Amino acid sequence: MSGTASPSRAASPWGVLGATTTVQALVSMAALTPPVFAAVATEDVGLPGSFVGYYTSLVYLGAMVTTLISGGIIGRYGAMRTSQVCLALCLAGLSGVAAMQAGPLVVMAVVGALVIGLGYGPVTPSSSHILARTTPPERRGLVFSIKQTGVPIGGMLAGALVPSLTDAIGWRWAALVVGAAALAVALLVQPTRPALDADRDPRKRANVAAVLAPLSMIWRHGPLRLLSVASFTFAAIQLSLSSFLVVYLVRRAGMSLVDAGLILAVAQGAGIAGRVVWGWVADKWIGPRAMLLILGAVMAAAAILTGWLAPVMPVALLVPVVALFGATAIGWNGVFLAEVAHLAPKGRAGEATGGALFFTYAGVVFGPSLFGIAVEVLPGDYASAFTLFGLAALAGGLLSGLAARVAHTREAEASPP
C-alpha cells in the first residue's frame, strides 16, 4: 500500500462527495457538449442530424472498454488519480471533435468520441470505490444519488451554456472551452488525492481474468444480472433523450437552438432533483428495486407524451412533460448504483459497479444508434422512436421488480430459521 490514511479521517465526507460530484459533472458535460451543438455542427460539415446518435454510441463504446478494466486501474493508481486522467482525456477528445471537417477529417469526430468515452468509463467506478468506503449504509442511496447528480448537472450546464458559447465563438471553440474546464477541475481536485488514494497498491497488475471478473460476478449473481439488464434499457432511453431532444425540438417543433438547449437544461435539472428525491424515497420507504420499477413505468409514459405531443404542445405544457421525462429517465442512476454497491461482495463495490456499467454502457452504445435508425425508418419518425424506447423502459422496470423478488427469495433462504 502507498499509505494508511483513512479517507473518512483525512477528508471531510462532504468534501469527498463534492469532489466526486464535480468530476462526474465535468465528464458528463464534455460528453454531452457535441450533441448540444450538433444541429449547427452537422449542418456546417454536411452530415445528417442522425449522426449525433452514432457519435454518442462511440462515446459509450469507449466507456464500455475502460469500465471493465477500471477495477485494476483504480487499484493500482488510485480512484482520484484515475478520475484526473479521465478529465484530461475529455479535453483530448473534444479537441478531436473541434478538428472535424467534411470528408476524411470526419474521422476526427470518431476518434474524439472514442477518447471521451475512454475517459467516461472509469469515473463512476472510481467514485463508487471512494464512496463505498466512506458512506454509512443507511445513507448509501441518498449519497450515491447526490453524487450521480453530477451527470445531469453536466448535462444542464451543456444545455444552458454551450448554445450561447456556440453563438458567440462557434462550435469548435465551444468544444475547446469545455475541454479546458475539465482539465481545470482535474487540477482543482489534486489536494484530495493523498487521502482518497491511500488504499492504492502500485504492485497490482491487470490480466485477462481480472478484466473478465466483473462480468463474471454480475452474471453469476441473479439480482445483479437482472438489474444490469434493466439498466441497459434505462440507459438507452436516457441517452436518446439527452442526444436527440435538442435536434428534435429544432427540426420538428421549430424552436431556436438556444430555446431547445434551455428545454434540455430543464430535463437535466429535473434529473438532478429526481436523483436526490428517488434516492431519499428508496432509503426511507419503498426500497431501491421497487423504486426502479415505478421509474420505468413513469419514464415510459413521459417518453410517449414527448414524442407525440411536443411539436404541437404549448411551452407551458411542454416544460413539465419534459421535466417529468428528465426526472425519471435521467434520475434512476443513483438508486441503481447504490443497490449494486449494496449487493456487491464486501470490498468489491468498484468491481461490481464496473461490471454492471458494462451493461449500462451497452445500452448507451446501441440505444442512440437504434433511436436514430428508428427515426429514419419508422412512420412517425421521432414520435414512433420515443414510443418504442418508452416501451423498452417499461420492460426495464419490470425486470427491476423481478430482481427484487429474486433478491428477497435469496435473503429469506440465507436467513437462519
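Student: At what angle do helix 15 and helix 16 pack, and how far apart are their axes?

Tutor: This is a predicted model, in which local features need pLDDT of at least 70, side-chain atom pairs count only at pLDDT 80 or more, and totals for chains, interfaces and linings use all residues. Residues are numbered from 1 along each chain as its sequence is written, and side-chain values use heavy atoms, with hydrogens and water left out. Helix 15 (residues 288-309) and helix 16 (residues 315-329) pack at about 145°, with axes 8 Å apart. Helices are DSSP runs of H or I with at least four residues, numbered from the N terminus. Axes are lines fitted to C-alpha atoms over the stretch in contact, and angles run from 0 to 180 degrees between N-to-C directions.

Student: Which hand does the crossing of helix 15 and helix 16 have?

Tutor: The crossing is left-handed; the term applies if the near helix is turned anticlockwise from the far one by less than a right angle. Contact (heavy atoms within 4.5 Å) involves residues including Leu295 and Met299 of helix 15 and Leu324 and Phe325 of helix 16. The contact residues divide into ten nonpolar, two polar and no charged. Here Ala, Val, Leu, Ile, Met, Phe, Trp, Tyr, Cys and Pro count as nonpolar, Asp, Glu, Lys and Arg as charged, and the others, Gly among them, as polar.

Student: Why is glutamine 24 called buried?

Tutor: Its relative accessible area is 2%, and buried means under 20% (1.4 Å probe, protein chains only); glutamine 24 is therefore buried. This residue is found in helix 2 (residues 13-36). Among the residues that glutamine 24 touches, beyond four places in sequence, are Val123, Lys147 and Gln148.

Student: What makes a space a cavity, and how many cavities of 30 Å³ or more are there?

Tutor: On a 1 Å grid over the protein atoms alone, a cavity is a set of points where a 1.4 Å probe fits but cannot get out. By this rule there are four cavities of 30 Å³ or more.

Student: What lines the largest cavity?

Tutor: Eighteen residues line the largest cavity, and those closest to its centre are Tyr120, Gln148, Asn333, Thr360 and Tyr361; lining residues have an atom within 4 Å of a point. Helix 18 supplies the largest share, four residues. By class, the lining has eleven nonpolar, six polar and one charged residues.

Definitions and conventions:
Helix = DSSP H or I, 4+ residues; strand = E, 2+ residues; numbered from the N terminus. Buried < 20%, exposed > 50% of the residue type's maximum accessible area, 1.4 Å probe, protein only. 1 Å grid on protein atoms, 1.4 Å probe; cavity = no way out; pocket = protein on both sides within 12 Å on 5 of 7 lines; lining within 4 Å. Points joined across faces, edges and corners; volume = space filled by probe spheres on them.
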